[in-house]
Structure formats: C-alpha cells, structure tokens
Amino acid sequence: QDFNDPAEFKKQREQLAMTPQGPEGQPWAQHLGEGMVDTVKYKKDGQVTLCFSNAGVFNPWRVVGLNNLNAEADLHKDRLKELIVVDAEGKDDKQISDIEALVSGGKCDALIVSPNTTAALTPAVEAACGKLPVIVFDRGVNTSCPVTYIHPVGGYGFGITSGEFIAGKLKKGDNVLALRIMPGVDVLETRYSAAKNIFDEAGINVIGSEFTGSDRAKTKSVVEDYINRGVKIDAVWMDAGDTATAALEAFEDAGLPYPVISGEDQQDFLRKWQSDKLTAIGPSYPTYQWRTAVIAALDVLDGKQVPGPEWVLPQPAITQDVLADYVDERMPPLHYSLCGCQDLPGYPERWGGKK
Amino acid sequence: MTTAPQASALPRRPARIALNAGLVIFVVLYAAIAFLQPNYLEPGLFMNFLRRAAPLVILACGQLYVILTGGFDLSMGAVATLVVLAASILINGDPETTWAVIGALYVMGIAVGLVNGLVVAFLKVPSIIATLGAMLSVNGLALAWSGGAARGDLPENFRNLGRLVLRDVPFVGTLPLAVIVLLGFVAIAWWGLNGTVYGKRALVVGDNPRAAELAGTPVAATRILAFVVSAVSAVTAGILLGGFSGVSVNAGEGLELQAIAACVIGGAQLLGGRGSVWSAVFGALSLFALFTLLNLLGLPQALRDSIQGAILIAAVGATVWRGRRRA
Amino acid sequence: MTVEPALAMTGISKAFPGVRALDAVDFECLPGEVHAICGENGAGKSTLMKILGGSYRPDAGEIRLAGRAVHFTHPRQAAEAGIAIIHQELSLLPHRTVAENIFMGREIAKRGMLDKAAMRDRAAGLLARVGADVDPQTLVSSLSIAVQQLVEIAKALLLDARILVMDEPTAALDERDSRTLLNLVRTLRGEGVSIVYISHRMPEVTAIADRITVLKDGRRIWTRRTGEAPVGEIVRAMVGRDLKDFYPAPPSSAPGPVLLAVEEGANAYMRDIAFEVRTGEIVGVAGLEDSGKAALAQALVGDAPLTSGTVFLRGQPLALRTPRQATAAGIGYLPGDRKGEGLALRQSVRDNALLALRAIAGLFTRPEHGRLAPDAIDEKLRAMDVRAADFGQEIGTLSGGNQQKAIIARWLAQESDVLVFVEPTRGIDIAAKAAIYETMRRFADLGRGIVVVSSDMPELIGIADRIVVMHRGRMAGTVPRGAQEEDVMHLALGTSGAPEKEESP
Amino acid sequence: MTTDITRITPRAPRLPVSVLLAGLSLGFYIIIALSTGETAQLSASGILGLFQRMVALGLVAIGQTFVILVGSIDLSVAALISAVAVLASHVMQGDPTMMLPAIVLCLGLCLMVGLINGALVAYGGINPLIATLGTGLVIQGVLAASFGMLQGAVAREFQVLAYGGLLGVPYSLVLLAALSLAAAFVLDRTLFGARIYAVGGNPDGARLAGIRTEQVILSAHVVASLFAGASGLYLAARLQSGTPWIGRDGIYDLESIAVTVIGGTILAGGKGGVAGTLAGVLLFASLDAGFNMLGIDAFLKQVLRGAIVIAAVAVHAVRTKGHVA
Ligand SMILES: Nc1ncnc2c1ncn2[C@@H]1O[C@H](COP(=O)(O)OP(=O)(O)OP(=O)(O)O)[C@@H](O)[C@H]1O
Ligand SMILES: Nc1ncnc2c1ncn2[C@@H]1O[C@H](COP(=O)(O)OP(=O)(O)OP(=O)(O)O)[C@@H](O)[C@H]1O
Ligand SMILES: [Mg+2]
Ligand SMILES: [Mg+2]
C-alpha cells in the first residue's frame with residue numbers, strides 16, 4: 001500500500017467540502033456523491049436475521065460503535081428477528097472462520113462485516129457474497145462484491161482537517177510533535193501522511209513522530225521526555241484522540257502553557273478543551289457509521305436503493321463554535337461524541353453514561 | 001576437602017553479586033542518559049524519572065516474591081488494569097470515596113492473589129499456566145465490568161498519588177508522592193524478605209520445596225503469600241499508574257513480562273532459590289532507564305523493541321557467563 | 001609375565017575452583033579384575049571415574065585402554081570405547097518405561113526408526129540377569145529406588161563393556177539385592193570384564209575386590225592386593241588415623257519410659273503396626289525392599305500419614321497428618337534421599353541448619369535473632385563437627401557426610417525429642433559414619449529417642465538397641481541388641497516362624 | 001516384586017488425556033450446536049469449519065510440544081509467524097513463480113531463528129523464557145521497522161493451500177493431519193523422538209548416556225521454528241498478505257503453550273505428546289465456535305477462557321505428587 005496517494009488526498013479534500021445528501025441532521029443516513037445501487041434481487045419479506053462479523057472490541061471506538069449498532073437494531077424490532085454478533089477478537093484467521101460459520105450456518109439473511117484487515121478478509125467476503133448480501137464498513141475489502149462499503153471520508157480527510165487547523169494557528173518554523181498509535185495500519189498511516197504534507201507545505205517542523213500504543217502512561221512519558229529536551233513544542237498533532245488528555249497533562253505537570261492540539265471527539269478531551277480554553281480541534285472518524293451498517297442492511301433486504309458501491313458518510317470535525325453542543329457531562333470520558341446516538345434507545349446508560 | 005584452605009576462595013554469597021549486576025547496569029544506562037541529556041542529573045528530573053519508574057519497580061518487587069518461590073505471575077498486568085478501571089467506576093469522580101475504594105482495590109487484588117496461590121498450591125497447576133488463566137479472566141472481568149472503555153473519572157486526590165509533586169523539599173527540591181510510595185513499598189518488600197522468616201522460607205521453597213516441606217515449612221502458605229504479595233504490588237502499581245496518567249483499558253498491558261525481565265536482569269534466578277529485593281529494584285530501574293534512553297536516542301519505536309530484546313539476552317547471557325567462569 | 005592392563009590412567013589431575021579434586025593419580029585395572037577404590041567423601045573417586053567416562057576432561061594425565069591412548073570429550077566416546085559407568089546419582093527418566101531407560105542413548109534403530117520389540121526383548125534378558133523382576137514396559141516412576149538402581153545396572157550391562165565402573169551401586173540396595181549384585185560382579189569378572197568398584201561398605205569391598213586403591217584428598221595413597229590390605233589398614237589410609245570403636249558403646253543404663261508409640265497403625269503400605277521408642281533408645285528398622293520400612297518412617301513424620309491407629313508422644317495422642325505437625329511436636333526427619341528431600345542445595349549451610357527453626361517460627365520472627373542468630377546456629381554446627389570453610393557457603397559444595405551432619409544440626413537446634421533417620425549413612429565415608437553414629441548415641445543419651453531405618457544390616461546391628469524387622473508391610477518381629485545378621489534376615493525374608501507375630505499370608 | 005501391600009492401592013485404568021479432552025471438546029460443541037438450534041454446524045461443512053479453526057494454532061502448538069518435551073519453551077513463535085507471513089507475501093508479490101523461492105526463504109528464516117534460539121538455550125545456557133522472549137522482541141522490532149518496505153501479497157495459487165481442498169477436505173486440514181501424524185511418528189518411533197524424551201526427562205542422565213543433549217535441544221528448537229513457519233505460511237495463504245501483528249494478535253505464543261500443557265505435556269519436559277496437544281487445540285477451537293453460537297459477550301468470553309485453561313490443566317495436574325511451581 002502507498003500511504004501517500006495524492007489523488008486520494010485530493011479526492012478526500014473535496015469530499016470534506018461537499019454538501020451531503022440525505023435527511024437533514026442525520027449524518028449517519030447521509031452520503032456524499034451520487035452513486036446508488038439497486039438491491040431488488042435481495043428483497044426479502046417477513047422477519048429477517050442479520051449477522052455481524054465484528055473484528056473485535058479492542059478499543060473504545062469500537063465499544064461505542066458496537067453499542068450504536070445494537071441500539072440501531074433495537075429500533076427495528078418489528079423487522080429484525082435476530083441480530084447475531086460474532087467477535088473475532090482482533091484475529092484475522094478467526095474472523096475468516098467466523099464468516100464461514102455464519103454463512104454455512106444458514107441463519108443469516110444479510111451479513112455485515114467490519115473487517116480486521118482489508119486483504120485478509122477479502123476471500124472470505126467474496127465467498128459470502130455468493131450466498132447472501134454483504135455490507136462492509138469501517139475498513140474495506142479488496143473486492144467490489146459487497147452491496148455497499150460504508151465509510152466516512154477517510155484518513156486523509158482526518159489528517160487534512162487536523163493538519164490545516166494546526167498549520168493555521170502556527171507560524172512558519174514552529175514545532176509540532178506528532179503522536180501516533182502504531183505503525184502500519186492504513187487508516188492511521190494516511191492520517192499522518194496527510195498532516196505531514198500540510199505541515200511540510202506550511203514550513204512547520206515535525207520534531208518527532210512517536211508511537212504510543214494508545215497507552216496513556218506511555219503518551220505522558222513520551223511527551224515529558226520531549227519537554228525535557230528543552231525544545232519548545234508549539235503544537236501536538238494526534239492521529240487519534242484517546243490519549244490527548246494524557247499528553248496535555250505532561251504540559252500541566254511541567255508548568256507549561258498548553259500547546260495547540262488536535263485530538264478527536266472523545267468527551268474527556270472536549271471537556272478539558274472547554275474548561276481549560278484550549279486552542280484545539282476535534283476531527284472525527286464518526287462512530288455513527290455503525291448505525292449506518294444496520295440501516296443499509298435492512299434497506300437492502302427491503303429492496304431499496306442504497307448509496308453504493310461506496311457509501312461515503314460525512315466526516316465532521318468539532319470546532320470551537322460547536323464545542324458546547326458536544327460536551328455532555330453525563331457521558332464517560334472516552335465516549336465518542338459523534339456517535340449520533342443521542343436519539344437511540346437506552347441513551348445514555350447503554351453507552352456507560354449517567355442518567 | 002571443604003576444610004582445605006583453598007576453599008575460602010569460594011564464591012561469595014550470590015545475593016551480593018546480584019545487587020552489583022543490577023546496580024552496575026543501571027548506573028551505566030543512567031550515565032548514558034545523562035550524557036545525552038545532562039539535565040537528567042538535576043534532582044528534579046531524577047525524581048521525575050523515579051516517579052515514572054515507580055510502578056515497574058513495585059511490580060518487580062512483587063514479581064520477585066513469586067520468582068523466589070519458583071513461580072511466575074503473569075496476571076500482574078491484568079490486575080493493574082482491573083485496578084485502574086475499577087477505581088474509575090467505583091469512585092466515579094467522588095473524592096470522598098477514594099480511600100474506601102482503595103481499600104476495596106486491595107481486597108480485590110488479594111482475592112486474585114489468593115486464587116492464583118490456591119490454584120498453584122493445591123490444584124498443582126504450574127504457575128505460568130495458572131496465572132495465564134488468571135490474566136485472561138481478570139482482564140476479561142475488568143473489560144466486561146467497564147464495558148470495554150474507561151468509565152468515570154478519577155478525582156484529584158486519587159490522581160495525586162501518582163501525579164502530585166511536592167515542591168521546595170529540602171535536599172531534593174521536588175519530591176513526587178509516587179516516589180514516597182515507591183520507597184515505602186520497597187522498604188516493606190525488603191522487610192518482608194529480610195526482616196521476617198518469610199524471605200528465607202521463600203528461598204528454600206524455591207530451591208527445594210520437598211526438603212522445605214519435610215522440615216516443617218508451610219510450603220503452600222509460603223507460595224500463596226507470594227502470589228498475594230505480587231497481587232498487592234500490582235494493585236499499588238495500578239494505583240500509581242492510574243494516578244500518573246488517568247484511566248485506560250490497557251494500563252497494565254505487558255507489565256508482567258517487564259517485571260519478570262526486570263528481576264532477571266537484576267540477577268534473580270528464574271525457577272527460584274536465588275535473588276534479593278535489590279535484584280528487583282535495580283533490574284527494574286535498569287529496564288526503565290533503557291526505555292528512557294531509547295526514547296532519548298530517538299530511534300524508531302520498532303527498533304527499540306529489538307534493542308530491548310537483545311539487551312535482555314545479553315544481560316542474562318553475561319550472568320550465565322560469569323557464573324560459568326566461577327564454577 | 002605382565003598382562004597388559006585393560007585400563008591405565010596415569011598422572012590424572014583435575015581442579016575445580018577452590019578444590020584440587022585429583023592430584024596426579026595413577027590407576028589401572030587388568031582384564032577380569034575387580035579393582036576397588038576406597039576413600040572418604042570428596043576424596044575424588046567419582047571425579048576420577050567421570051574423567052574416565054568422558055564427563056570431565058582432566059587437567060593433566062593420560063588414559064590408555066589396552067595400551068592405546070584415548071581422549072574423551074563426551075560420554076558418548078567413552079561408551080563407544082567400551083566403558084560403561086553406573087553413576088553414583090540415578091540418571092533415569094521417570095516418565096518412560098524400563099526398556100526405554102535401559103536403551104537411553106543406545107536405542108536399537110534402523111535408519112532412525114526404533115525397533116521397540118527388539119529392545120523389549122533384550123531389556124527383559126538384562127533385567128533377569130541383574131535379578132530384577134520387572135516388566136520392561138513398566139514406568140520407572142512406579143519403581144522403588146532399589147529397583148531403579150537395578151535398572152541402572154542393566155543399562156550399563158547393555159553395553160557389553162570391557163570396562164565396567166560401579167560407583168556405589170549398593171548404596172540403595174538391601175542385603176539380598178546386594179548379594180545378587182555381588183554374584184553378578186563375580187560372573188562378569190569370570191567373563192574377563194574389568195570392574196572398578198567403589199563403595200563405602202568395607203565388608204563388600206573386601207569380599208569382592210582383587211585389588212584395592214585408596215584415595216585421600218585427591219591423591220593415591222596406595223594400591224594393594226586385597227589379601228594384603230586388612231580393613232584396619234584401609235581405614236587408616238583413608239582417614240589418616242586409626243578408627244577405634246567404629247560403633248559407639250551401648251548405653252550403660254536401660255532405656256527410660258515410652259517416648260513415642262504407635263498403636264494399630266495402618267495405611268496403604270503397611271498394617272498392624274504396634275511400635276514404640278523409649279527415651280535413650282535407638283530403634284532400628286530392618287526389612288527388604290518394599291517391606292514398608294520407609295513407609296513406617298514416613299508415617300512417623302506425617303509425610304505419608306497413618307490412615308488408622310494412633311500415635312502417642314509422651315503418652316499424649318498426636319495429630320500427625322503433615323510433616324509440619326511432626327516438626328512442631330518435636331519429631332525430626334532425616335530423609336534417605338539427601339539431595340532430593342533433605343537439602344536446599346543453593347542455600348547456605350547455616351540456612352539449611354536453620355530450616356526447621358524458621359519453618360515453625362512465627363511469620364514475623366526476625367530471621368537472625370535469638371535462636372535464629374548466626375552465632376547460635378554456628379555453635380550447633382560446630383558441635384556437630386560440620387566442616388566448612390564458612391557456614392555461609394552453599395551447602396551443595398559440602399561433602400555428603402558434612403551435609404548429613406548439617407541436617408542433624410537442624411534438628412538439634414530445634415530440640416526435637418525423636419529423630420527418624422532413613423539410611424543416615426548412605427553414600428557416606430567410614431569416618432563420617434563413625435561420627436554420625438557417635439552423634440546418634442549422644443542424642444539418645446540425652447533422654448531422646450531415635451528411629452533408624454536402614455538397609456545396611458551391619459550398621460543396624462552395630463548401632464541399634466533393638467531392631468524391628470518389617471516384612472510385607474507388617475512387623476515380622478523384633479530382635480534385641482547383639483543379634484546376628486542371620487536372625488534379622490530370616491525375619492525379613494519371612495522364613496522363620498516369627499514367635500510374637502502370626503504368619504504372613 | 002508384587003506383595004499384598006501393593007495390591008491394596010487400586011489402579012483404575014485411565015483414559016489417555018488426549019481422548020478424554022477431545023471427547024469433551026466435541027461433546028461441548030455438539031451440545032451447544034443442538035441447544036442453540038445451530039444444527040447446520042453439525043453438517044460436514046460445519047465440522048470442517050471447526051477443524052479449520054485448529055490449523056494455525058495446531059501447527060505452532062505441535063512445534064511448541066517438541067520444545068516443551070525437551071524441557072525448553074519458545075516464546076518467539078508469535079513474532080516468527082508474523083515474520084514468515086510478511087516475508088512470504090513480500091517475496092511473492094502475487095507472482096506464482098515466486099512461490100517456491102518464498103517458501104524456501106521463509107523456512108530458511110525459521111531455520112535460522114530456530115538455530116539462534118537453540119544455540120542461546122543449549123550452548124549459551126540462557127533460560128529459554130528469556131532467550132526466546134528476547135529473540136521474539138528482536139524479530140518483532142525488525143519486522144515493524146521494515147514493514148513499510150515489506151508490503152506484498154501472496155500468489156492466488158498459493159491461497160489454494162488455505163482455500164482449496166481435496167474431495168471437500170481442505171488442503172490445510174490435510175496438511176495439519178499429515179504433519180501431526182509425522183510429528184507423532186517422530187516422537188514415538190524414531191531415534192530423535194527417544195532422544196527428545198531422554199533430554200527432557202533428565203538432561204544430566206541423557207548426557208551421561210552418551211546423548212549430545214545440546215544438539216537435541218537445538219534440533220527441537222529448529223523443529224518448533226519450522227512449525228511456526230508452517231503456521232505462518234498457512235496464515236499468509238489464508239490472509240493473502242501478512243502484517244507484522246498477526247502472530248501477536250493471535251497470541252500464538254501463550255496459546256500454544258497453554259494447549260500443550262492442557263494436552264498433558266509437562267513443562268519440565270520428558271512427558272507428553274502431540275495427541276494431547278491436538279486435543280487441547282480442539283478444545284480451544286470448540287470454545288471459539290461454541291461461544292460464537294451462544295453469542296457470548298467478547299469480554300465474558302475471555303473470563304471463561306481463562307477459567308477453562310486453569311480447569312483443564314488442573315484436571316490432570318491435581319493428581320501430581322509433590323510440588324509444582
Ligand atoms: N562439578 C564439580 N564442581 C566443583 N567441585 C566438584 C565438582 N565435582 C566434584 N567436586 C569436588 O571435587 C572433590 C572430589 O569429589 P568426588 O565427587 O570425586 O568425591 P568422591 O570421592 O566421589 O566422594 P563420595 O564418596 O562422597 O562420592 C570434592 O571436594 C567435590 O566437592
Ligand atoms: N508415599 C508413597 N506413595 C506411594 N507408594 C508408596 C509410598 N510409600 C511407600 N509406597 C509403596 O509401599 C510399599 C512399601 O514401600 P517402602 O518404601 O516402605 O519399602 P521399603 O522397605 O522402605 O523399601 P526400600 O528398601 O526400597 O526403601 C512399596 O510398594 C512402595 O512402592
Ligand atoms: Mg562419589
Ligand atoms: Mg523405601
């Protein structure tokens with residue numbers, strides 16, 4: 001894979017600026033671009049069973065997402081007989097077997113897949129396509145056989161939003177520290193490559209790019225080490241926001257002013273942003289796409305047209321102007337605010353919030 | 001032959017040699033850090049170094065108890081994670097409850113330690129498997145309880161344990177609370193091994209449990225207590241970790257292997273019978289100094305793993321080699 | 001005329017750190033000769049044989065086999081040169097069958113594939129030859145130590161070696177098995193095999209050896225024909241002084257009141273045990289292999305507790321389900337397997353001697369104060385005449401006799417009332433033996449009691465005030481001091497109508 | 001020497017651990033399938049799917065059984081699996097003519113890693129846990145550092161290994177079965193097997209019996225690495241392209257040790273075998289499949305799996321005489 005694809009970069013930059021189509025105020029049901037696909041051949045009457053092969057729930061983003069998906073399913077009790085969820089625990093090999101078992105089990109009317117790895121899941125998804133309608137979301141697969149592939153704008157988009165914000169706040173020659181989760185994951189690599197391009201263009205120094213494994217203690221230590229080197233850090237760019245507050249604490253503990261920072265849409269970051277008046281932005285990789293997957297599957301079984309072969313969802317960012325709308329003291333610290341779940345059954349307890 | 005005069009040239013007590021090994025490695029690594037970044041010689045930064053190393057040192061001390069008795073405790077990291085998540089759920093931002101919850105955390109830890117010990121001592125499951133099972137279960141429990149993501153916040157007074165730095169302290173300038181906890185824990189760990197008969201029992205149990213048993217040693221109790229101490233250290237480390245950087249679901253990930261590696265680097269012998277608190281303390285400080293050094297060198301993250309692996313082998317290899325030259 | 005020696009070792013030296021184990025030792029063995037090596041613990045006997053067997057490389061010296069110089073760097077080469085060694089320590093695989101053990105390292109195989117049937121058959125033949133009545137398919141872990149020793153011997157015979165080294169082969173064997181073994185040695189000698197025989201049992205040595213070599217402190221003292229070497233001479237050469245009164249004098253006063261008693265004791269390994277030890281008394285327990293004599297010792301220390309019956313200590317019934325209870329009640333144990341069950345080899349002499357005291361002290365006792373102080377325990381160790389450069393050194397570096405004395409010191413420090421000794425002098429040299437007997441007597445004379453389980457018949461007769469003989473898990477009878485070996489043997493074999501017991505089934 | 005005494009102790013004939021465990025696992029699977037109404041999982045394809053779940057772990061675990069039998073252990077297998085999968089896809093780059101070179105290269109890498117592990121343990125005298133933890137870290141690091149340059153995908157033809165089959169039986173199962181039988185044969189019937197048990201059972205005794213123990217330990221490590229390599233190749237075929245995390249994410253190091261011990265091989269070495277290990281793997285596969293059918297929450301699954309690992313080992317360990325650490 002090439003994580004620095006100018007064409008894709010350009011495309012996502014355009015998509016960020018596009019006006020979405022679809023119902024107002026329901027970004028999970030909206031889409032960017034024109035394409036639609038016919039699904040009449042999948043039409044199925046009566047109650048249906050949806051099957052979902054999940055890569056795993058190994059991070060808070062996926063936890064919120066899975067809650068979204070289950071809650072969305074609850075909205076369709078009349079149509080849905082059963083939602084079968086199998087969890088692959090982050091193992092490609094297991095997910096392939098899981099999909100094979102779901103397909104051969106014969107219970108599923110449609111299959112939703114959130115692949116653990118793009119390439120690995122391709123053959124299994126291809127095999128499943130032959131038996132039943134398949135909907136893929138989050139990471140994709142290398143085949144066009146699924147009815148549709150649901151995803152927000154993408155990694156470049158994330159990097160563009162955050163990179164441009166920081167570049168706009170800094171002067172030429174200022175320093176930015178990049179904190180990343182881990183190497184080699186496409187959706188994360190593209191975020192960094194986009195931001196890096198923007199920083200390079202603006203003449204901003206990336207003084208370091210460190211991997212934190214989304215470990216708060218490690219994040220804080222890494223930032224402390226950079227502070228101790230005595231180089232001024234004007235901004236912190238992050239490819240995911242779950243350790244953003246830990247990074248900020250390192251500045252607090254050292255008695256330094258907060259840098260400009262890009263995080264994500266987690267509550268703890270938004271709250272800190274609000275209370276400590278940060279100069280910040282919260283780009284997102286919205287968890288509401290998990291809702292979309294169920295909606296799409298049911299639409300397909302209804303025989304309705306759905307956006308496809310790619311269903312590109314809008315990818316908003318939280319900025320100073322809208323910050324207050326997204327802060328919700330009831331929700332747990334790592335709740336992703338762009339969950340689109342406020343109107344779903346069981347909110348907020350289902351997402352770990354207080355009444 | 002043992003009365004022959006040459007016999008006085010026999011090797012000295014291994015514990016003292018172990019102390020030297022860990023200390024020497026630590027001093028060398030810290031010197032390298034200071035060479036790259038001279039301000040690490042300032043008391044403030046050294047104290048900060050200790051603050052960050054505190055959880056690992058404490059974990060290593062607990063792990064040492066188990067290693068001395070001949071076992072392993074792989075469940076420590078999971079216990080630390082459980083502690084962080086449980087604290088955030090139970091306290092849920094209310095500083096009033098902090099101390100009561102800390103008590104509850106220790107109760108949980110002790111329960112895990114007891115189960116580990118009982119499974120090893122009475123069900124005869126090798127500790128590496130028993131604690132692997134415990135690791136899976138405890139981790140699963142912590143995640144199931146929290147729903148897989150951090151829930152609730154930790155209040156200031158809890159965070160302070162791992163985060164607060166006292167300023168204007170005589171001699172050292174700044175003194176992190178975590179360093180006080182660290183010193184207290186190491187002192188207690190030292191006392192347990194040197195101030196009570198427990199330490200000697202643990203060594204004998206690790207060396208030859210059968211001989212210990214026939215001489216009347218409560219072998220099972222000695223083993224179980226080691227796992228309890230280990231779990232208590234994991235709780236303490238978890239509290240410091242949560243305090244230092246807040247709640248996360250992977251707070252304790254991988255710490256168990258680091259703790260084992262630390263003990264071994266410091267000269268403790270796997271499968272028991274040899275080692276002292278100093279092997280754990282200086283082994284852990286060495287390991288942490290290595291992490292810091294690699295950070296400062298700015299090597300790619302990935303290569304740091306490689307270097308860590310190579311150094312682990314080299315440190316143990318050196319011990320083996322010196323042992324062979326002596327024997 | 002001179003016969004070419006099958007084995008000639010000349011000027012062999014070997015040093016370990018801090019110890020000169022061998023110093024220019026010459027040794028030879030003719031074809032069809034049994035050549036015994038005698039010497040104290042640590043004299044260097046095993047080291048000399050390990051050099052012959054290729055386990056160690058000598059620092060200096062030369063080995064010739066039938067005149068041809070050889071250099072071994074691995075035991076395999078020695079085996080290929082026709083040398084078989086029965087090592088002092090058992091080296092079997094507990095989880096494998098007898099046949100697999102006998103063929104360890106020498107499997108019959110064609111192009112890498114094992115021929116199991118052939119191995120079973122040959123194993124059966126070898127086992128019959130050493131007098132072991134076991135199925136080659138049994139797992140070694142289910143065999144007694146004695147039978148395991150026989151398996152070791154069978155393993156050595158497999159090689160059809162020209163030179164056979166036996167390093168204390170009878171240490172674990174009872175009288176009857178020892179006799180079988182000595183007969184086997186005679187047969188092999190008749191077949192022209194050269195046999196090097198190491199033993200601390202003098203009667204055996206004089207009975208079987210053609211020549212005797214004495215080692216002391218890594219040096220050869222002399223080599224003589226057996227006829228020219230009376231036992232007194234051998235002992236003087238080994239120890240460097242005369243050993244008068246090998247066994248201590250019997251006590252002048254009659255034994256006192258009953259100290260320890262067992263009534264109607266039984267468990268899976270024995271039954272109908274009625275047994276007592278009086279103050280000042282040393283009670284011997286004799287019996288053949290599997291007679292239950294060790295099981296009796298284990299029961300007395302709570303290791304394999306009685307399932308029915310009662311144990312009384314000074315008239316009070318005693319709960320005795322774990323060794324810890326025994327220790328706390330004042331019953332000490334000296335196990336037969338010194339390294340496996342008696343010692344923590346990597347801990348210091350002092351720590352080993354303090355083991356029992358520390359084991360039952362309160363958890364928060366400070367480990368080096370009061371009775372646990374180094375000075376206090378050093379005194380006990382010195383009183384036991386434990387010889388070590390420094391009591392802080394690892395006990396694994398001491399000789400067997402000194403290790404054994406340190407274990408006894410452990411119980412003296414704890415002021416036990418009753419000591420249960422199992423094979424207290426197994427593998428221990430003659431001087432250390434005398435010292436241990438002396439200690440046992442003194443301990444009993446202090447108004448305490450000793451139970452000594454041993455397969456060394458002369459030892460029991462020499463030391464015990466009374467010998468209880470076990471046969472098939474029951475007490476076959478008791479013989480008083482001054483009895484003959486034959487009396488004991490009859491009871492042990494079940495061939496005498498034991499007067500005070502009914503006939504065994 | 002039979003006496004009335006020995007007859008007092010009853011000795012009930014015992015089922016081998018492997019048979020018992022395999023029976024329990026299958027029983028669990030069948031009961032779950034029936035009680036959840038997932039009868040399709042009992043069809044041929046369902047059962048084959050169950051067995052398919054065994055392949056990756058099964059291959060590593062067979063290798064792990066060799067090292068554990070010889071008294072050592074290998075924690076580097078997970079990293080090695082990742083390395084092999086990445087290397088295979090990088091070398092092939094989708095080109096079928098590169099299949100053979102890729103396989104040869106991967107097995108060469110395994111050979112090298114096995115030799116290094118074995119040399120560190122057997123000749124260097126380094127505790128195997130530390131030695132292989134170290135080599136695992138080194139491999140993982142190098143892999144992650146160079147992953148940017150090591151992209152690629154295996155050839156379509158190579159994926160037949162994972163997705164093709166013979167008369168409905170997947171080749172991968174045939175491979176697992178063949179390699180298991182071969183491993184069992186080697187352990188039970190060959191000189192090398194006998195030596196492994198000897199060295200694991202009593203290293204000093206084995207040496208005195210003339211066995212070159214270092215060579216045996218070294219060979220066992222090579223075998224373990226090669227089996228890890230086989231697993232890596234299988235995963236590469238199944239996943240099309242390797243990532244540096246598949247081994248770690250699959251927890252193949254700890255799981256392979258766990259199933260080996262569950263299968264009755266003792267950590268001290270010298271006792272056990274491949275049949276038990278495969279039964280342990282089957283237990284894990286049945287748990288995976290069964291938990292899926294029951295729809296158990298991902299986190300609860302972990303809790304149960306941990307408890308089951310302990311229980312499965314305890315069932316036979318509890319009879320152990322003496323102490324276990
Ligand atoms: N591997 C070793 N390392 C260090 N010292 C050793 C080693 N093996 C033997 N020694 C020392 O060498 C000396 C000779 O030991 P050796 O085992 O040959 O004595 P031995 O005559 O066989 O005694 P025993 O009658 O107790 O078997 C002893 O002082 C012993 O401690
Ligand atoms: N703890 C035990 N566990 C299992 N079996 C035992 C145990 N102790 C003794 N036995 C068995 O009980 C019988 C009596 O054994 P015991 O060891 O008392 O015989 P012994 O006369 O001491 O023989 P040896 O001369 O071999 O020491 C034997 O069959 C032995 O295998
Ligand atoms: Mg000897
Ligand atoms: Mg016995």
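This is a predicted model: local features need pLDDT of at least 70, side-chain atom pairs count only at pLDDT 80 or more; totals for chains, interfaces and linings use all residues.
Residues are numbered from 1 along each chain as its sequence is written, chains are lettered from A and ligands numbered from 1 in the order in which they are written, and side-chain values use heavy atoms, with hydrogens and water left out.

Reader: How many residues does the contact take from chain B and from chain C?
Author: Contact here means heavy atoms within 4.5 Å. The area buried between chain B and chain C (the accessible area, with a 1.4 Å probe, that two parts lose on being put together, summed over both) is about 3,400 Å², and carbon and sulfur atoms give 57% of it. By residues, the contact takes 39 from chain B and 49 from chain C.

Reader: Which residue of chain B meets Arg346(C) in a salt bridge?
Author: A salt bridge is a side-chain nitrogen of Lys or Arg within 4 Å of a carboxyl oxygen of Asp or Glu, and the rule finds five of them across the interface of chain B and chain C. At 3.7 Å, N to O, the side chain of Arg346(C) meets that of Asp207(B).

Reader: Where do the bounds of the two domains of chain C lie, and what is the distance between their C-alpha centres?
Author: The bounds come from an automatic or database domain assignment, which gives domain 1 (7–239) and domain 2 (258–493) of chain C. The C-alpha centres of these two domains lie apart by 30 Å.

Reader: Which side chains form the salt bridge between domain 1 and domain 2 of chain C?
Author: The two domains of chain C bury about 1,700 Å² between them, with 53% of it on carbon and sulfur atoms. The count between them is one salt bridge. At 3.9 Å, N to O, a salt bridge joins the side chains of Asp456(C) and Arg201(C).

Reader: At what angle do helix 14 and helix 16 of chain D cross?
Author: Helices are DSSP runs (H or I, at least four residues), numbered from the N terminus, and axes are lines fitted to C-alpha atoms over the stretch in contact, with angles running from 0 to 180 degrees between N-to-C directions. Residues in helix 14 of chain D, among them Glu255(D) and Ala258(D), meet residues in helix 16 of chain D, including Arg305(D) and Val309(D). The axes of helix 14 (residues 252–262) and helix 16 (residues 298–317) of chain D come within 9 Å and cross at roughly 35°.

Technical notes
Helices (H or I, at least four residues) and strands (E, at least two) are DSSP runs, numbered from the N terminus.
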